[in-house]
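Student: I would like to understand how the labels used for a structure follow from its values. Could we go through some of them slowly?

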Amino acid sequence: MTHRRLFHLPLRTLRRLMLTLSVIGGSTAIANAQTNAVFLDNLKSLRVEVNGLWNSDPVVPLGGRNYVSILFDDLQHNYVRYTYRITHCNADWTPSDLLESDYMDGFNGSRIEDYSPSMGTAMLYNHYTLRIPNDDVRLLVSGNYRVDIYEDGDDEPVAEACFSIVEQRVGVDISVTSNTDIDTYKQHQQVSFDLNYSTYRVNQPEKELYPVVVQNRRWDNHVEHLQPTYLKTNTLVFNHNRSLIFPAGNEYRRFEIMDEHVPTMRVESMQYHAPLYHAYIMTDEQRTAYLYDQDQDGRYLVRNGDNDENETESDYFITHFRLEMPELPDGNVYLHGDLTNNRFAEEYMMEYDHMEHAYTIALPLKQGSYNYQYIYLPNDSDVGMTAETEGDFYQTENEYAVYVYHRPFGERYDHLVGYQKIQYLGNQ
């Protein structure tokens, strides 16, 4: 396979363009910072796992035997030497002022040594795994971390993966209700939480503690810059805050691509068009009602029909999606979920077929079980909307996570001193 850069632009130019667009759009660095990203067409299935759990969030406790795994495939198949560099970041995902020796013990810039070729697949690839900590590096402090991956000898990253390390010093008590301050059991859900710092010294808690709230690992609609509703003994209380009202969305859609010959869940047909297999997902429609399903809130699991050596024996299928609905003006519709790293990147933007009255997209996906949804992004916004494509319904089961950062006076970085998530179970 040809080694091809996205949009046929040099990586340095592409990254500068992305940064410029984020400034023009008025977004802060945190808006898309904790989403993984690849900058080469041949890199796929980039994901971050904690302690080997496929459904884990990218947050690992400090110390102990905890570890982070960064996994990806290179569809070039021929072996490429990749190196990595780890950067400690502030709460807004900009690099912190710490020296490398302050946040890590070992060497930065080492090679990724763990790789294996695919076996028995039509799409040939190499599977790479980077585990942190390892023999070369150990991380010392809490906070946000970005791992940039490079082709050996190049000075521009081909991918980046993000995770956080937490030292749980602050108690986080979260609740979610669909009886919100703007509607009652209709289209929204409201988050409330308390931060208890009774066992942790904070001189000015209302100024030093910095919470960030995220829905379903989507950083486009995260909430930050929050002020507590009131203070009580050793506790900051955040409730009845209109900033903490989220559109409820709908349950994620699901499908499985497990077998190259037999259509599995919600696959209409499997076809072979040399040199690859193609999976055609059943046509989707614009949703106007709540539809319950046992989803995984946007995640996906790599596996094949034999459930054997999933990472190297699972093939890639060109997977076709189709959403029948009227064309939406003044914006675009994106395929969205962990399968697209929850990013509004050009390669995930759907095209509208005026003859078929449908949005369509096709992309290579590794065999497995997938969650996905369609999100509308207005031209004048960097926050996606579910109302137009999926609908917003109070019953929807969503995950909400609260990150709590702390920068004591005179400190050079933001500690991550609290993390907690809750799954809102709707009417259950």
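**Strand pairing and salt bridges**

Tutor: In this predicted model, strand S21 and strand S24 (residues 316-324) pair in the parallel sense over four bridges, and in S24 the bridge partner of His-278 is Ile-318.

Student: What makes S20 and S21 a pair of strands?

Tutor: A pair needs at least two bridges, and strand S20 (residues 267-273) and S21 have six, running in the antiparallel sense.

Student: Why is S21 described as largely enclosed?

Tutor: Five of the six residues of this strand, residues 276-281, are buried, so the rest of the structure largely encloses S21.

Student: Why is the contact between Lys-421 and Asp-57 called a salt bridge?

Tutor: The cut-off is a nitrogen to oxygen distance within 4 Å, and the closest N and O atoms of Lys-421 and Asp-57 are 3.4 Å apart, so the contact qualifies. Lys-421 lies in strand S30 (residues 415-424) and Asp-57 in the loop between strand S2 and strand S3, so the pair ties together parts that are 364 residues apart in sequence.

Student: Why is Asp-57 called buried, and what is Lys-421 called?

Tutor: Buried means under 20% relative accessible area; Asp-57 has 10% and therefore counts as buried, whereas Lys-421, with 32%, is partly exposed.

Methods:
Residues numbered from 1 in each chain as written. Predicted model: local features only at pLDDT ≥ 70, side-chain atom pairs only at ≥ 80, totals over all residues. Heavy atoms only, no water. Buried < 20%, exposed > 50% of the residue type's maximum accessible area, 1.4 Å probe, protein only. Helix = DSSP H or I, 4+ residues; strand = E, 2+ residues; numbered from the N terminus. Salt bridge = Lys/Arg side-chain N within 4 Å of Asp/Glu carboxyl O.
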